[in-house]
Amino acid sequence: MRVTLLAFGILRDHLPAGPDGTSPHRTTVDLPPGATVRDLLRICEDRIPTAPIPWTSVAVAVNQEYARASHPLADGDEVALLPPVSGGANHGPADPAAPPAPPHIALTDAPIDTATLAAALRRGDDGALVTFDGIVRNQTRGRRTLYLFYEAYPQMALAQMKLLAAQALADYPIRDVVLVHRLGHLEIGETSVFIAVASPHRAAAFDACRWLIDTLKQTVPIWKKEFFQDGAVWAQGEPFPAPLAPTPEREK
């Protein structure tokens with residue numbers, strides 16, 4: 001059987017091109033019947049012996065859903081290698097059984113109009129509107145930042161964002177949520193991610209907003225590349241939560 005293998009973030013330039021001439025971050029792999037994610041990871045370790053990050057830190061998605069090492073693969077599957085995303089503490093991944101999310105959850109290549117988004121969320125029965133505006137800063141650990149580039153596994157990222165919004169609505173006494181992330185080239189001072197939470201009470205709005213940004217930064221497949229005067233690097237994220245880390249060393 002044959003699967004399509006994708007690599008993102010810091011791994012994308014280390015995946016060799018396939019025999020069909022596909023780009024370095026998208027290739028195909030032939031596997032024997034009955035192969036699992038664990039088997040594919042072992043092949044990847046052989047193909048990329050000098051991987052830039054430990055394989056124990058890499059999560060895997062099969063057909064845009066996180067998968068464990070024991071997950072069986074099928075012909076035609078799309079398998080993505082996901083390095084840790086943009087970092088941040090987390091209380092666990094979103095519950096896939098959560099209710100549907102509101103419609104104002106989005107990925108965009110255009111500048112985020114934070115004022116319009118916040119104003120559209122307001123209602124007369126709200127006692128609080130808490131926002132988080134993630135802004136591109138001009139330095140990282142003392143190095144001058146020129147600009148940022150955000151890459152996503154877009155279909156999966158949007159699905160995960162909708163699950164996070166739905167989980168926040170289920171777990172906190174809030175009324176509504178806005179969650180928008182920018183992709184592509186961002187200049188200093190531009191908004192990379194905007195979250196707004198409306199609630200009758202401020203405590204719930206603060207708590208939900210903090211949970212949303214922290215969890216997004218660890219579980220949603222979006223990666224940040226930082227460009228400096230003397231080079232560029234993919235930002236190193238926090239480790240995935242244990243349920244999302246399917247490497248053989250973590251799942252025996």
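# A guided tour of the predicted chain

Buried residues make up 51% of the chain's 252 residues. Keep in mind that this is a predicted model.

**Start with the whole chain.** Show it as a cartoon. The secondary structure comes to 4 helices and 14 strands. Residues 24 or more positions apart account for 76% of them.

**Color by pLDDT.** The chain has a mean pLDDT of 85. A value of 70 or more is reached by 84% of its residues. Where does the value stay under 50? Select residues 87-103: pLDDT stays under 50 over this stretch. The model still has 41 contacts there beyond four places in sequence. Then select residues 248-252, where pLDDT also stays under 50. For this stretch the model has 13 contacts beyond four places in sequence. Where pLDDT is low, the predicted coordinates should not be read in detail.

**Select the sheet.** Pick β6, β10, β12 and β7. These 4 strands form an open sheet in the order β6-β10-β12-β7, with mixed pairing. Which strands lie at the edges? They are β6 (105-108) and β7 (128-135), and each pairs on one side only. From one strand to the next, the twist averages 5°.

**Zoom in on β7 and β12.** Strand β12 covers residues 191-199. It pairs with β7 in the antiparallel sense, over 8 bridges. For a single spot to look at, select Asp133. Opposite Asp133 stands Phe194 in β12.

Show helix α2, residues 114-121. Helix α2 packs on the sheet and touches β7, β10 (176-182) and β12. The direction of α2 makes about 15° with that of β12. Now show helix α4, residues 202-219. Helix α4 packs on the sheet too, touching β7, β10 and β12. What angle does the direction of α4 make with that of β12? It is about 150°.

**Move to helix α3.** Select residues 154-171. Helix α3 has 18 residues. From its first C-alpha to its last, α3 reaches 25 Å. That is close to the 26 Å expected at 1.5 Å a residue. Show the side chains next. Which residues of α3 are buried? Among them are Met156, Ala157, Gln160, Met161 and Leu164. Further along α3, Ala165, Ala166, Gln167 and Ala168 are buried as well.

**Visit the loop between β3 and β4.** Strand β3 spans 59-62 and β4 spans 65-66. Most residues other than glycine have a negative phi, and most peptide bonds are trans. Select Asn63, which is found in this loop. Phi of Asn63 is near 55°, a positive value in a residue other than glycine. Asn63 is partly exposed, with a relative accessible area of 39%. Now select Gln64, which also has its place in the loop between β3 and β4. Gln64 is not a glycine, yet its phi is positive, at about 70°. Is Gln64 buried or partly exposed? Gln64 is partly exposed, with a relative accessible area of 29%.

**Finish at a hairpin.** Select strand β13 (residues 222-228) and strand β14 (residues 231-234). They pair in the antiparallel sense over 4 bridges. The hairpin joins β13 to β14 through 2 residues. Last stop: Phe228, which stands opposite Gly231 in β14.

Conventions:
Residues are numbered from 1 along each chain as its sequence is written. This is a predicted model: local features need pLDDT of at least 70, side-chain atom pairs count only at pLDDT 80 or more; totals for chains, interfaces and linings use all residues. Side-chain values use heavy atoms; hydrogens and water are left out. Two strands pair if DSSP finds at least two bridges between them. Axes are lines fitted to C-alpha atoms, for helices over the stretch in contact, and angles run from 0 to 180 degrees between N-to-C directions. Contact means heavy atoms within 4.5 Å. The expected span of a helix is 1.5 Å times one less than its number of residues. Buried means under 20% relative accessible area, exposed over 50%, partly exposed in between (1.4 Å probe, protein chains only). pLDDT is the predictor's confidence in each residue, from 0 to 100.
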